[in-house]
Amino acid sequence: QVQLVESGGGLVQAGGSLRLSCAASGSIASIKRMAWYRQAPGKPRDLVAAITSGGSTSYVDSVKGRFTISRDNAKNTVYLQMNSLKPEDTAVYYCHLREQTIRLEWYDYWGQGTQVTVSS
């Protein structure tokens, strides 16, 4: 079993910055991808950014140039640096981990979510 603990959310004014962290612990097999999703009230949970085990990154168009995803493999931790924040970035941000076991089984894990609120 894998546990994900997120931190770094909060309230910030538009144009400000926040850095989210997500630390994975437990019986971790082979991490294939870590990602950040977000969910605003009344909306579905959407992918924001992802990083593969090889270091390849991807972003939703609305955050390109403003957000940066990175990871520390030694710490099994993923970060999301969010700059130039906008009110529309307000949401609960969730960390996601996808791993593959030695039996080639895939598992997905979610963090508890951290609130990001951007005031105008």
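The chain in this predicted model contains eleven strands and zero helices. Read from one end of the sequence to the other, the pattern is accordingly β-β-β-β-β-β-β-β-β-β-β.

Let me turn to overall dimensions. The C-alpha trace spans about 50 × 25 × 25 Å along its principal axes. The radius of gyration is 14 Å, which agrees with the value near 14 Å that a compact globule of 120 residues would have. Of those 120 residues, 40% are buried. Contacts also reach across the sequence: among those between residues at least 6 apart, 54% join residues at least 24 apart.

As for the surface, the chain exposes about 6300 Å², and carbon and sulfur atoms supply 48% of that area. The charged side chains number 13 positive and 9 negative, and the centres of the two sets lie 3 Å apart.

I come now to aromatic pairs. How many are counted in this model? The count comes to one aromatic pair. Its rings belong to Tyr37 and Trp110, with centres 4.9 Å apart and planes at 65 degrees; the angle is over the 60 degrees required, so the pair is edge-to-face. Tyr37 sits in strand β4, residues 30-39, while Trp110 sits in strand β10, residues 106-110, so the pair ties together parts that are 73 residues apart in sequence. The two partners may also be described by their accessibility. Tyr37 has a relative accessible area of 15% and is buried, whereas Trp110, at 38%, counts as partly exposed.

The next residue is Thr101, which is placed in the loop between β9, residues 91-100, and β10. Is Thr101 buried or exposed? Its relative accessibility is 17%, so Thr101 counts as buried, the limit being under 20%. Leaving aside neighbours within four places in sequence, Thr101 is in contact with Ala29 and Tyr107. Thr101 and Ile28 are 73 residues apart in sequence, yet their C-alpha atoms are 8.6 Å apart in space.

At 62% relative accessibility, Leu104 counts as exposed. Its backbone deserves a remark. Most residues other than glycine have a negative phi. Leu104, although not a glycine, has a positive phi of about 65 degrees.

Asn76 is another non-glycine residue with a positive phi, here of about 50 degrees. Where is Asn76 found? It is found in the loop between β7, residues 67-72, and β8, residues 77-82. With a relative accessibility of 25%, Asn76 counts as partly exposed.

I finish with Leu18, which lies in strand β3, residues 18-26. Leu18 counts as buried, at 15% relative accessibility. Which residues does Leu18 contact, leaving aside its neighbours within four places in sequence? They are Gly8, Gly10 and Val12, together with Leu80, Gln81, Met82, Leu85 and Val116. Gly54, by contrast, is 36 residues from Leu18 along the chain, and the C-alpha atoms of the two are separated by 25 Å.

To summarise, the predicted model is a chain of eleven strands and zero helices. Its one aromatic pair ties together strands β4 and β10 through Tyr37 and Trp110.

Note on methods. Residues are numbered from 1 along each chain as its sequence is written. This is a predicted model: local features need pLDDT of at least 70, side-chain atom pairs count only at pLDDT 80 or more; totals for chains, interfaces and linings use all residues. Side-chain values use heavy atoms; hydrogens and water are left out. Helices (H or I, at least four residues) and strands (E, at least two) are DSSP runs, numbered from the N terminus. The radius of gyration is taken over C-alpha atoms; the globule rule is 2.2 Å times the number of residues to the power 0.38. Buried means under 20% relative accessible area, exposed over 50%, partly exposed in between (1.4 Å probe, protein chains only). Contact means heavy atoms within 4.5 Å. Accessible areas come from the Shrake-Rupley method with a 1.4 Å probe; for residues, only the protein chains shown count as cover. Lys and Arg count as positive and Asp and Glu as negative; His and the chain ends are not counted. The place of a charge is taken as NZ of Lys, CZ of Arg, CG of Asp or CD of Glu. Rings of Phe, Tyr and Trp (its six-membered ring) pair if their centres lie within 6.5 Å; planes under 30 degrees apart count as stacked, over 60 as edge-to-face and the rest as tilted.
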